[in-house]
Amino acid sequence: MSSTDKRLCAPTGKAGTARTKTEVRVLKSESELKALAPIISQLRPHFDLNELVARIKIQRKRGYKLAYVVSGEKVLCVAGFVTGYKLAWGKHIYIDDLVTSEEHHSADAGKILMEWFKTYAKENGYETIHLDASVLGFSSHKFYLESGFHIDSHHFSINLID
């Protein structure tokens with residue numbers, strides 16, 4: 001197990017409150033998936049929870065992983081990702097889905113998870129980390145740029161199913 005598979009992070013909490021350890025975990029069990037699905041559904045609300053879980057299970061068979069940030073027993077942030085190798089990118093991580101719980105946007109969970117991804121990539125010999133963001137997701141653009149990402153291209157797609 002890589003040291004980034006379960007990494008303890010700095011304690012969190014406001015002044016005068018109990019501080020709990022925040023950690024990044026990589027999904028291992030179906031019970032964890034059921035706890036993460038409501039957070040992921042905030043990014044993918046067009047799926048009901050059962051369909052979302054079913055799709056994630058299919059993707060997991062093809063190498064999709066979920067990393068998530070917890071503080072105590074609260075899930076703060078979740079990211080789905082795959083790893084691969086491409087001519088243009090070399091050995092890479094592609095982050096498919098990254099969402100911070102609406103209740104925890106100010107908890108720096110996204111920053112914690114991005115730092116985890118950078119460490120995980122370095123420890124495992126990945127050359128690059130990639131992701132796509134909605135054209136109109138200006139707050140996410142700001143976050144990714146502040147995290148060290150660059151806008152390298154436009155992503156084009158075509159829907160062939162009506």
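Trainee: Before we start, what does buried mean here?
Mentor: Buried means under 20% relative accessible area. Keep in mind that this is a predicted model.

Trainee: Got it. So are W116 and Y120 buried or exposed?
Mentor: Both W116 and Y120 are buried. For W116 the relative accessible area is 2%.

Trainee: What about W116 and F117?
Mentor: That aromatic pair is edge-to-face, with 5.1 Å from centre to centre and 75° between the planes. F117 is buried too, at 0% relative accessibility.

Trainee: Which residues make up the aromatic cluster?
Mentor: F81, W116, F117, Y120 and Y126 form one cluster. Across the whole structure, a search finds nine aromatic pairs.

Trainee: Nice. What sits over the ring of Y126?
Mentor: The charged end of K91 does, 4.7 Å from the ring centre. There is also K86, which lies over the face of W89 at 5.5 Å from the centre of that ring.

Trainee: Let's switch to strands. Why is β3 described as largely enclosed?
Mentor: Strand β3 covers residues 65–71, and six of its seven residues are buried, so the rest of the structure largely encloses it.

Trainee: Which way do β2 and β3 run, parallel or antiparallel?
Mentor: They run antiparallel, and five bridges join β2 (residues 20–26) to β3. If you want a landmark, T22 stands opposite S71 in β3.

Trainee: And how many bridges are there between β3 and β4?
Mentor: Seven, again in the antiparallel sense, with β4 spanning residues 74–86. Here V69 stands opposite C77 in β4.

Trainee: What happens at G72 in that hairpin?
Mentor: The hairpin of β3 and β4 has two residues between the strands, and G72 takes a positive phi near 65°.

Trainee: New topic: how many salt bridges are there?
Mentor: The count comes to eight. One of them joins R25 and E23, whose closest N and O atoms are 2.4 Å apart.

Trainee: Which residue does R55 meet in a salt bridge?
Mentor: R55 meets E51, at 3.3 Å from N to O. Those two are four residues apart in helix α2 (residues 49–61), so about one helical turn separates them.

Trainee: How accessible are R55 and E51?
Mentor: R55 has a relative accessible area of 42%, which makes it partly exposed. E51 is partly exposed as well, at 34%.

Trainee: And what does D108 form a salt bridge with?
Mentor: K111, where the closest N and O atoms are 3.7 Å apart. D108 is partly exposed at 42% relative accessibility, and K111 is partly exposed at 47%.

Technical notes: Residues numbered from 1 in each chain as written. Predicted model: local features only at pLDDT ≥ 70, side-chain atom pairs only at ≥ 80, totals over all residues. Heavy atoms only, no water. Buried < 20%, exposed > 50% of the residue type's maximum accessible area, 1.4 Å probe, protein only. Pairing = 2+ DSSP bridges. Salt bridge = Lys/Arg side-chain N within 4 Å of Asp/Glu carboxyl O. Phe/Tyr/Trp six-rings, centres within 6.5 Å; stacked < 30°, edge-to-face > 60°. Lys NZ or Arg CZ within 6 Å of the ring centre and 35° of its normal.
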